[in-house]
Amino acid sequence: MADGNIASGLSQDDDVLNEAASWRKDGRNVALATVVSTWGSSPRPVGSHLAVNENGKIVGSVSGGCIEGAVVTEAMDVMESGKPKTLEYGVTNELAWEVGLACGGSIHVYVEKVE
Amino acid sequence: MKQETLSQILEDQAGKKAVALVTDMEAGDQTLVYRDSANGPEQDNAEILNIARHAMQDDRSKIHEIGGRKYFVEVFNPPLRMLIVGAVHIAQPLSRMASVAGYDVTVIDPRASFATDERFPGITLNGEWPDDGMRELDPDRRTAVITLTHDPKLDDPGLEVALKSDAFYIGALGSRKTHAGRVERLTAAGFTEAEVSRIHAPVGLAIGSISPAEIAVSILAQVTEVLHRKVEARAAA
């Protein structure tokens, strides 16, 4: 509640980016995942963020919790390689069903390393 | 993303400055676009700047295909604003709920006994007379204005300023009868029928609300509905 507003941290994504920046400042490797497109009943809108650091700490979300595990695994790869990746989860992607995107939508998630 | 790009976005957000981040989804290169400047590899690409600036206006982040390449245009606008006239009981839950929904809320009320930090913890209070307060806060197309005092002396001056602005939503508490009187006064003050019809009154969606918190829900629901319908209409146009 940095600015004393009762809402800060609840609804805005600022905190995810702030946390990512502060991890990076502490010298940790960080990857940032961003929802770039959605189709159907996706629970989180375009522009939603999730940040992960090398210790596996997570802040934010890109779905209602159904694909976060898979995104974090990919984010660890991106942290290693430094190459951005666009991931797709949805009705056409078996993995998404395995990890439970049962909401009947599809989403694209762009994952990049914070250099 | 470069660390300095991230820091710049955070600095802009803290300063309530609108910025769009344009990402080349193959190469990962990123350009920051502002209303009157840009910084990054695409800073001289007129088409990209134009698309990014429209996205900022429409508050809509999405992927664009430009010259056979995919770019994600992500808009970081300052929060939407809600200006509430009247530090009354309904304003307490409404200001809190709207804050949770992401609005930057200001409650305008010159009556010092109503507009107190105890009654509105963490909410910005403006103690000016509503027309002065409203002019000072200068509602734009990303602002909702709601009057709640029930008192024409306070509500009307606020509404008169709001009606001359681009506020995306204007709502006024009061029964149909109260509103009929309001319409008469505003018409006498020189507002056209079309202008006066921008006011949502009785305010809020008809969901049978009784308590102040329930009325706040109905108001916030209507503001949300109007907000997204307007964005969709602009995107379709």
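**Close-up views of a predicted two-chain model**

**View 1. Helix H2 of chain B, residues 46-58.** At 1.5 Å a residue, the 13 residues of helix H2 of chain B should span 18 Å, and this agrees with its end C-alpha atoms, which are 18 Å apart. The expected span is 1.5 Å times one less than the number of residues. Helices (H or I, at least four residues) and strands (E, at least two) are DSSP runs numbered from the N terminus. The model is predicted: local features need pLDDT of at least 70 and side-chain atom pairs count only at pLDDT 80 or more, while totals for chains, interfaces and linings use all residues. Residues are numbered from 1 along each chain as its sequence is written, chains are lettered from A and ligands numbered from 1 in the order in which they are written, and side-chain values use heavy atoms, with hydrogens and water left out.

**View 2. The ends and buried residues of H2(B).** At the start of H2(B), a side-chain oxygen of Asn45(B) comes to within 3.2 Å of the backbone nitrogen of Glu47(B). Asp59(B) follows the helix and has a positive phi, near 60 degrees. Ile48(B), Leu49(B), Ala52(B), Ala55(B), Met56(B) and Asp58(B) are the buried residues of H2(B). Buried means under 20% relative accessible area, exposed over 50%, and partly exposed in between (1.4 Å probe, protein chains only). An α-helix has 3.6 residues a turn, so residues three or four places apart point the same way.

**View 3. Arg35(B), in the loop between S2 and strand S3 (38-39) of chain B.** Arg35(B) counts as exposed because its relative accessibility is 53%. Leaving aside residues up to four places away in sequence, Arg35(B) touches Ala18(B), Arg53(B) and Met56(B); contact means heavy atoms within 4.5 Å. Ala18(B) lies 17 residues from Arg35(B) along the chain, and their C-alpha atoms are separated by 7.7 Å.

**View 4. Ser48(A), in the loop between strand S1 (30-39) and strand S2 (49-53) of chain A.** Ser48(A) has a relative accessible area of 2% and is therefore buried. Its side chain reaches the backbone oxygen of Pro45(A) at 2.6 Å.

**View 5. Chain B as a whole.** Chain B holds eight helices and 11 strands. Of its 237 residues, 50% count as buried. Among contacts between residues at least 6 apart in sequence, 56% join residues at least 24 apart.

Methods:
A polar contact is a pair of N or O atoms within 3.5 Å; within protein, one must be able to donate a hydrogen and the other to accept it, and residues adjacent in sequence count only if both atoms are side-chain atoms.
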